[in-house]
Amino acid sequence: MTMTYQFSNRVPKSDEDPVGNILKVAGSPDVISFAGGLPAPELFPVDQLKRVTDEVYDESGRQALQYSTAIGDLQLREQIVKRMARQGVQTTTDNIMISTGSQQSIDLTAKMFINPGDTVIVEKPTYLCALDVFRSYGAHIVGVEMDDDGMRIDQLEAAVAENPNTKFIYTIPNFQNPTGRTMSAERRARMIAIADKYNIMIMEDDPYGAIRFAGDDIEPVKFYDDHERVIYLSTFSKILAPGLRLGWIVAEKSLIKKFTLMKQSADVHSDNLTQHIVAKYMAEYNIEDHINKIKQVYRKREAVMMQAIETYFPSGVNYSHPEGGLFIWVEVPGNVDTKALFDTCIKHNVAFVPGEPFYPDKVTPGTFRLNYSNMSEDQIKTGIKRLGSAIKETIGESVSGISGH
């Protein structure tokens with residue numbers, strides 16, 4: 001007899017895990033995979049982290065292994081205050097809570113603000129795991145089109161006006177996942193003006209902002225925020241190592257108190273030992289030196305991928321030109337079945353993430369995400385060559401007359 005479970009509405013109806021399946025297929029040793037959003041593991045500062053871990057055990061081992069506060073280790077929050085100041089955001093340790101990666105920050109924020117039926121406005125396409133979280137709390141998700149300068153602000157204003165029950169706007173302004181696009185400074189200021197006018201919050205998710213290897217820095221949306229509307233999220237996943245599972249939230253003090261209560265009931269506190277280790281690492285080493293190493297490697301890999309795309313992709317295929325982060329977004333013209341394209345690519349031993357799961361509503365066909373941070377330059381050249389052949393095979397050469405790069 002099979003047990004039938006009385007799940008809540010938050011549990012996905014299907015056990016289908018499209019992204020998990022893609023990563024499984026992409027994980028085959030013969031496949032060059034541009035699918036995962038993985039940092040380059042050879043850049044993790046293993047020796048330095050090992051050294052400071054020993055020091056933590058020697059100097060404060062008992063304290064690091066004990067229960068701690070939900071808001072997080074004070075020394076680590078002090079280091080984050082300094083990091084935020086570098087980005088033009090003046091804040092205090094009372095405005096910061098440590099989270100178990102950005103994913104927990106997204107979940108806690110959604111839990112805190114969304115009642116079933118409330119509207120959340122997102123970029124279209126956007127981070128698929130955020131969409132999963134918003135759906136799990138019963139949100140009505142409205143997608144706003146993007147161009148090369150990020151979310152289209154005219155469309156954003158229309159979406160907010162049409163949805164008076166909007167709780168917050170979710171944005172990834174820097175090197176967006178999945179498109180790699182960056183929102184202009186002017187649009188950041190205008191987004192704040194809209195949030196002020198309609199009295200709504202903004203969740204600014206910024207895992208990639210530090211990994212800028214071209215162009216000029218743009219201050220976070222939070223920088224333009226005079227009324228404490230922005231809940232800013234970031235993480236050590238891309239600037240140090242994702243396995244540490246440490247992120248942070250910057251928000252107004254009374255909001256941090258609420259976050260702390262919510263976190264307390266979720267997991268008591270993030271890993272205390274890891275917080276001690278990262279705080280020690282930041283005190284003893286200049287994390288900017290480490291980030292600069294990451295930037296140099298990613299700049300080269302992105303340039304190699306761009307060059308290979310220009311060489312091997314058929315004309316008419318559009319793609320983003322990121323100035324940082326981990327991703328390039330590709331749009332193949334015509335009504336291309338991305339699943340068919342993915343299957344063809346796997347036959348050619350190359351993989352990407354199809355665009356479908358990144359869309360909150362109607363999917364744009366023929367879209368997919370490429371990651372350049374996790375493969376060597378030679379693998380990138382070979383993989384993009386294979387991908388070019390697979391695209392040509394899928395769409396036929398008939399497209400070559402379509403212009404537009």
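**View 1. Arg229 and its salt-bridge partner Asp196 in the predicted model.** Arg229 counts as buried, with a relative accessibility of 13%, whereas Asp196 is partly exposed at 25%. The two side chains meet in a salt bridge, with 2.6 Å from N to O. Because Asp196 belongs to helix α7 (residues 185-198) and Arg229 to the loop between β7 (201-205) and β8 (230-235), the pair ties together parts that lie 33 residues apart in sequence.

**View 2. The salt bridge between Asp118 and Lys167.** Here the closest N and O atoms are 2.8 Å apart. Asp118 sits in the loop between α4 (101-113) and β3 (119-124) while Lys167 sits in strand β6 (residues 166-171), so this pair ties together parts separated by 49 residues in sequence. Asp118 is buried at 10% relative accessibility, and Lys167 is partly exposed at 26%.

**View 3. Lys263 and Asp267 within helix α8.** These residues are four apart in helix α8 (residues 253-267), about one turn of the helix, and they form a salt bridge whose closest N and O atoms are 3.0 Å apart. Lys263 is buried, with 0% relative accessibility, whereas Asp267 is partly exposed at 26%. Elsewhere, salt bridges that share partners join Arg51, Glu55, Glu59, Lys280 and Glu284 into one network.

**View 4. Helix α10 and the cap at its N-terminal end.** Helix α10 (residues 287-312) has 26 residues and spans 37 Å from its first C-alpha to its last, close to the expected 38 Å. Asn286 caps the N-terminal end of α10, where a side-chain oxygen of Asn286 lies 2.9 Å from the backbone nitrogen of Glu288.

Notes. Residues are numbered from 1 along each chain as its sequence is written. This is a predicted model: local features need pLDDT of at least 70, side-chain atom pairs count only at pLDDT 80 or more; totals for chains, interfaces and linings use all residues. Side-chain values use heavy atoms; hydrogens and water are left out. Helices (H or I, at least four residues) and strands (E, at least two) are DSSP runs, numbered from the N terminus. The expected span of a helix is 1.5 Å times one less than its number of residues. A polar contact is a pair of N or O atoms within 3.5 Å; within protein, one must be able to donate a hydrogen and the other to accept it, and residues adjacent in sequence count only if both atoms are side-chain atoms. A salt bridge is a side-chain nitrogen of Lys or Arg within 4 Å of a carboxyl oxygen of Asp or Glu. Buried means under 20% relative accessible area, exposed over 50%, partly exposed in between (1.4 Å probe, protein chains only).
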